[in-house]
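Subject: Structure handover

Hello,

Here is the structure you were expecting. Please open it alongside this note. My findings follow below.

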Amino acid sequence: MIYVNERLKEYLRLGRLFNAEILSLILVLSYALSIKLYVLQMDIRILILLFFGGIFAHIWGGYNNDRMDLSIDKNTTYCKHKPLVSGSISIKSAKIIEYSSLIIFVGIIFFALYLSRSSFLSVSTLYACFYLLGAVALA
């Protein structure tokens, strides 16, 4: 049981879930602002979907960043504790989680856009999604 807990901690640390809610709020706030500007009725289902979509985008960014920086991190002494560098998580499993979280993120966003049925809302939310992905990828 201890081995499973330690392994799960490594996956969670690689996904950087300790601050995922901050980036998730970008999507939620863009939706809330769009609703406020155009005096539409707010749908709590869309807020929840956008929040969880932001979490999956954040997970994708964490895995993508560590995988892209792996060659640099291997040569840096203060990065030896990272899960991919230390070998506690394989690159193959990191890629699976990375691409799965990206697919889940895109699916959640398109489902939320389908539920909203508002053209401006769709454009503003998509803009926030691409902004979020760009900010996470560059971090």
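A residue counts as buried when its relative accessible area is under 20%. By that cut-off, the buried residues of H6 are Ser93, Ala94, Glu98, Ser101, Phe105, Ile108, Ile109, Ala112, Leu113, Leu115 and Ser116. Please keep in mind that this is a predicted model.

**Overall layout**

The protein chain has seven helices and zero strands. Read from the N terminus, its elements run α-α-α-α-α-α-α. Of the 139 residues in the chain, 44% are buried. Take the contacts with a separation of 6 or more: residues 24 or more positions apart account for 74% of them. The accessible surface is about 8,400 Å². Carbon and sulfur atoms hold 71% of that surface.

**Helix H6**

H6 covers residues 91-116, which is 26 residues. From first C-alpha to last, H6 reaches 37 Å. That is close to the 38 Å expected at 1.5 Å a residue. Just after H6 comes Arg117, with a positive phi of about 50 degrees.

**The nonpolar cores**

Which residues have the most contacts inside the largest nonpolar core? They are Leu27, Tyr31, Ile46, Leu50, Phe105 and Ile109, in a core of 13 residues. Helix H2 (20-38), helix H3 (44-68) and H6 each supply at least two residues of this core. H6 gives the most, with five residues. There is also a second, separate core of 11 residues. Among its members are Leu14, Ile59, Tyr63 and Ala94.

**The salt bridges**

How many salt bridges does the structure hold? It holds three.

Start with Lys82 and Asp66. Their side chains meet at 3.7 Å, N to O. Lys82 lies in the loop between helix H4 (70-74) and helix H5 (83-86), and Asp66 lies in helix H3, so the pair ties together parts that are 16 residues apart in sequence. Is Lys82 buried or exposed? Lys82 has a relative accessible area of 18%, so it counts as buried. Asp66 is buried as well, at 5%.

Next, Arg67 and Glu98. Here the side chains meet at 2.6 Å, N to O. Arg67 has 17% relative accessibility, so it counts as buried. Glu98 is also buried, with a relative accessible area of 1%.

Last, Asp73 and Lys82. Their side chains form a salt bridge at 3.2 Å, N to O. Both residues are buried. Salt bridges with shared partners join Asp66, Asp73 and Lys82 into one network.

**Where to look on screen**

For the network, display Asp66, Asp73 and Lys82 together.

Best wishes

How values were computed: Residues numbered from 1 in each chain as written. Predicted model: local features only at pLDDT ≥ 70, side-chain atom pairs only at ≥ 80, totals over all residues. Heavy atoms only, no water. Helix = DSSP H or I, 4+ residues; strand = E, 2+ residues; numbered from the N terminus. Expected span 1.5 Å × (residues − 1). Buried < 20%, exposed > 50% of the residue type's maximum accessible area, 1.4 Å probe, protein only. Core = buried A, V, L, I, M, F, W, Y, C linked by side-chain atoms within 4.5 Å. Salt bridge = Lys/Arg side-chain N within 4 Å of Asp/Glu carboxyl O. Contact = heavy atoms within 4.5 Å. Areas by Shrake-Rupley, 256 points an atom, 1.4 Å probe, with all protein chains shown as cover.
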